[in-house]
Amino acid sequence: MTGFDCSPLPNPHDSAASSFDSKAVAEGRPIWDPLEWACGSVVGTEHRRLGRNNQDSYQVLKTEDFLIALVCDGCGSSKHSEIGAKVGSRLLLQTIAMALQWGELDWEWVQSEVLRQIASLADLMGQNRGQMVQDYFLFTLVGCVITPSHSVLFALGDGVFILNHEVLTLEADNSPPYLGYGLLGLHYPIQVVRVIPTQALHSLLIGTDGVNDLLSKADHPLPGRHDRVGFISQFWQEDRYFQNPQMLQRHLNLINRDVTVPDWAARQLIRHSGLLPDDTTLIVLRQKKPG
């Protein structure tokens, strides 16, 4: 069991950050707000070719006392795993918030509580719980919990962290452990990957395993253009991604669009395909700049 103590926190079921901040102002308490973030997700070219949805999901919850961010990647061979990724990420977000409210981040309890909720949903959806879990509720997770004192990186399955420029790749071959396996007789505990003082966290990227392809494409031209994809560090170094909440998503769209452009000299059309074969989702956080 892994945990750390926290003081009592506000109701985690109100997901609007502004409501927490307004409450803090009304009570005359200082607002903890040192971080800014940007998010984006794009369907992989292989999924697009097969006519499949984006099977990734992401969530961010910010209060005046903590920040939770996580990404989930649905199992590629499941029929409807994008549903589990979206529902599961939301359940996980709220359950972690509840644990923080109670004063201790107990990962064993968080995992069992999320599994209990998934089991209830699966039972409501069909008579065969195991089949419902296989079809809908297999997903990996990569996330962080940040409080004023400590920052915790956690994961179950494959994905990527980039902590202060250090790349931490979580690999699971072709059979990553899924939280939903806990309802099929297999137990894979949520792993705490790193715990650091929050004052030592300058930047953090959390991403699904599709980010590995993004890392390898830095010097590749954008489809149909001459400018390059660029190093992944741009996402936490350049202010534009935090000043405009749509900018990161737009750049991912440019990286993964299919474009047909004319070659006038050869009198033919050239097709340029997107560069990311797998669904790619990332959340980038950094310390706010003074002023």
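**View 1. Ser175, out in a loop.** Ser175 counts as exposed, at 63% relative accessibility (exposed is over 50% relative accessible area, buried is under 20% and partly exposed lies in between, using a 1.4 Å probe and protein chains only). Ser175 sits in the loop between strand E7 (166-170) and strand E8 (191-197). Helices here are DSSP runs of H or I with at least four residues, strands are runs of E with at least two, and both are numbered from the N terminus. Asp158 is 17 residues from Ser175 along the chain, and their C-alpha atoms are separated by 9.4 Å. Keep in mind that this is a predicted model, where local features need pLDDT of at least 70, side-chain atom pairs count only at pLDDT 80 or more, and totals for chains, interfaces and linings use all residues. Residues are numbered from 1 along each chain as its sequence is written, and side-chain values use heavy atoms, with hydrogens and water left out.

**View 2. Asp73, tucked into a strand.** Asp73 lies in strand E3 and, at 9% relative accessibility, counts as buried. Asp56 is 17 residues away in sequence, yet the C-alpha atoms of Asp73 and Asp56 are 4.4 Å apart. Setting aside neighbours within four places in sequence, the contacts of Asp73 include Gln55, Asp56, Tyr178 and Asp209 (contact means heavy atoms within 4.5 Å).

**View 3. The largest nonpolar core.** This core has 35 residues, and those with the most contacts inside it are Ile68, Leu92, Ile96, Trp107 and Phe154. A nonpolar core is a set of buried Ala, Val, Leu, Ile, Met, Phe, Trp, Tyr and Cys residues joined through side-chain atoms within 4.5 Å. Among the elements that each supply at least two residues are strand E3 (67-74), helix H3 (81-102) and helix H4 (107-125). H3 gives the largest share, 8 residues.

**View 4. Where H3 meets H4.** The axes of H3 and H4 come within 9 Å and cross at roughly 140 degrees, which makes H3 oblique to H4. Axes are lines fitted to C-alpha atoms, for helices over the stretch in contact, with angles running from 0 to 180 degrees between N-to-C directions. Angles under 35 degrees count as roughly parallel, over 145 as roughly antiparallel, 65 to 115 as roughly perpendicular, and the rest as oblique. Residues making the contact include Leu92 and Ile96 of H3 and Trp107 and Glu113 of H4.

**View 5. The whole chain.** Buried residues make up 50% of its 291 residues.
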